[in-house]
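Trainee: I have a chain to go through with you. Can we take it one question at a time?

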Amino acid sequence: MSKIWTKKPMSAFEADVKSSELKRVLGKWSLTAIGIGAIIGGGIFVLTGTGAYYHAGPALALSFVIAGIACVFAALCYSEFASILPVEGSAYAYAYGTVGEIFAWIIGWGLILEYAMGSMTVAVSWSGYFNKLLKMFGLHLPNWLTTDPGTASGAFSEATKAVEKGGLSTEKLAQLQEIISNYNAAPDLFGFKIMLNLPAFLIVLLVISILIKGTKEAAKANNLIVIMKVSAVLFVIIAGAFFINVDNWNPFIPAIQEVMEGDKVKEAYGIQGIVSGAAAIFFAYVGFDAVSTQAGEAINPKKDVPFAIIVSLLVCTFLYILVSLVLTGMMHYSDFNPQGKYPDAIKAPVAYAFEIAGQGWAGYIITIAATVGLVSVLMVMIMGQSRIFLGMSKDGLIPKMFSDLHPVKKTPAKSLMILGIVIATVAAFTPISKLADMTSFGTLFAFTMVCIAVWILRKKQPDLPRNFKVPALPVIATLGIAINLYLIWNLSHEAKYLSMGWLAIGVVIYFTYSLRNSKLHKAGYGETFKAEQKPLEDVDIDIDNKK
């Protein structure tokens, strides 16, 4: 059993860097744009509605503050690791070099929740904005092609019960009857209603096709989209400030009450709602983590990755807080109820806030920006997942096909295609709230492990060259571990059970496949270690901090 705690030596990481066929094309600002590209979108365009209605109400801004503080601790730890190990693989690679293989495997398996589930969440939200955009131009897709089975059946059940109970206003009755008729209009197959989110399915396949073409091309597209998104966010803050109704902030922290989420009743609001809101929207901060997965394609990763991590996090946290205040000031948090007056508002909250404020023209700008902008979030998350698989595959822990690169484009094309099929299929059939909570678990779990691992490495190898060192590491790491574990505890029970089940499956796979195929246990890395014969000067990277 001692083999499972074997650590990957630093010489192996250096060999990986030297033998990597990935093209080093990402500079400091391209990496920062990747971080901002991933962060802006998930929180502002996706989870502000769910966070406000299901958790914190107007106090969602405080949820973003708490989540942002937790991220600062993790970001500092990520930055120190990135200055030591400039390789693809993110937290997985960091743990492999410091704690041991089993620890690294669990983190890598948990990162699938962060990136793959995050991609699915964003794909579902993109579908919401895309449908909103189509409706603005008078185009309508059938409801059964834009809704997953769980959401559709839950809405149908609630609408049926409400109609049978009676006592409804004419307007409310018409809304519920529309939900019922939409469900009944879906085609049947062997007695089951056919329901799927087709736009979510198709956008994933489109993004995969872009990523296969090459990292440089994807980065250029991402940079343009990020400029558009930041401009749109600034527009929301400035224009939305003129339509804030301060009564919507009263009370700023609503009293605890029960709300219906899908087909289940849960408690929301109050102080507990602020904390659970921070846990639920934590997925929105996955972007700075995504920067570290691109270290293998960074021109000067030891300096530029820490810079990009910290800058992207600080910029986006500030924007999140302002947008959440503006949004809950423009639109009462109760109006995000998917069974209420504006059933689609929770999927496209920012656009609907302007529409309800009577500023339909602004809705066009925001909807177009969000529809285009969410593509970059999806792009960065899928790219990050493929690079984590690349690192795990190079170590022999998952099949070799996940590290096979396209002969010309030098991208992990096979891995991207497999990811695309899985992500697209799950996104088409799964409710957004379940996806978001499981993504938050994966993110928080990885952040906790990184805080632990960087502390261990500082103790065991204090003399390693570090371009960036976490100040007051014992304090920062302890606070990071504590707050991340607390936020995990405040996730929904279902998300915790599903996520723990996922980790258990990962442990089984490790002992049945990965342990036997690990290159570390086969006395070497094969082709990878041939790179050790090359002089460091031949490698286009500042591996020894000479610059």
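Trainee: Beyond its neighbours within four places in sequence, which residues is serine 499 in contact with?
Mentor: This is a predicted model, so keep that in mind throughout. Serine 499 sits in helix H18, residues 493–517. Leave aside its neighbours within four places in sequence, and the contacts of serine 499 are Leu113, Met438 and Phe441.

Trainee: Is serine 499 buried or exposed?
Mentor: Buried means under 20% relative accessible area. Serine 499 has 0% relative accessibility, so serine 499 counts as buried.

Trainee: What share of the residues of the protein chain counts as buried?
Mentor: The secondary structure comes to 19 helices and four strands. The chain has 547 residues, and the buried share is 59%.

Trainee: Among contacts between residues at least 6 apart in sequence, what share joins residues at least 24 apart?
Mentor: Contact means heavy atoms within 4.5 Å. For pairs at least 6 apart in sequence, the share joining residues at least 24 apart is 83%.

Trainee: How far apart in space are the C-alpha atoms of aspartate 395 and lysine 519?
Mentor: Aspartate 395 is in the loop between H14 and helix H15 (413–429). It is buried, with a relative accessible area of 2%. Aspartate 395 and lysine 519 are 124 residues apart in sequence, yet their C-alpha separation is 5.6 Å.

Trainee: Why do the buried residues of H7 line one face of the helix?
Mentor: Helix H7 covers residues 170–185 and reaches 22 Å from first C-alpha to last, close to the 22 Å expected. The buried residues of H7 are Gln175, Leu176, Ile179, Ile180 and Tyr183. Seen down the axis of H7, they line one face because they fall within an arc of 135°.

Trainee: What do the buried residues of H7 pack against?
Mentor: Start with the face turned away from the buried side of H7: it carries the exposed residues Thr170 and Ala185. The buried residues of H7 pack against helix H6 (149–165) and strand S2 (192–193).

Trainee: Is H13 roughly parallel or roughly antiparallel to H14?
Mentor: The axes of helix H13 (residues 349–356) and helix H14 (residues 360–394) come within 7 Å and cross at roughly 170°. Angles over 145 degrees count as roughly antiparallel. That makes H13, relative to H14, roughly antiparallel.

Trainee: Which residues of H13 and H14 make the contact?
Mentor: The residues of the contact divide into five nonpolar, three polar and no charged. H13 gives Val350, Ala351 and Phe354, and H14 gives Gly360, Ala362, Gly363, Ile366 and Thr367.

Trainee: What is the phi of tyrosine 269?
Mentor: Tyrosine 269 is in the loop between strand S4 (264–268) and helix H10 (270–280). It is buried, with a relative accessible area of 2%. Tyrosine 269 is not a glycine, but its phi is positive, about 75°.

Trainee: Is alanine 472 buried or exposed?
Mentor: Alanine 472 also has a positive phi, about 50°. Its loop runs between helix H16 (432–460) and helix H17 (473–489). With a relative accessible area of 52%, alanine 472 is exposed.

Definitions and conventions
Residues numbered from 1 in each chain as written. Predicted model: local features only at pLDDT ≥ 70, side-chain atom pairs only at ≥ 80, totals over all residues. Heavy atoms only, no water. Helix = DSSP H or I, 4+ residues; strand = E, 2+ residues; numbered from the N terminus. Expected span 1.5 Å × (residues − 1). Buried < 20%, exposed > 50% of the residue type's maximum accessible area, 1.4 Å probe, protein only. Arc of directions from axis to C-beta. Axes fitted to C-alpha atoms, helices over the stretch in contact; angles between N-to-C directions. Parallel < 35°, antiparallel > 145°, perpendicular 65-115°, else oblique. Nonpolar A, V, L, I, M, F, W, Y, C, P; charged D, E, K, R; others polar.
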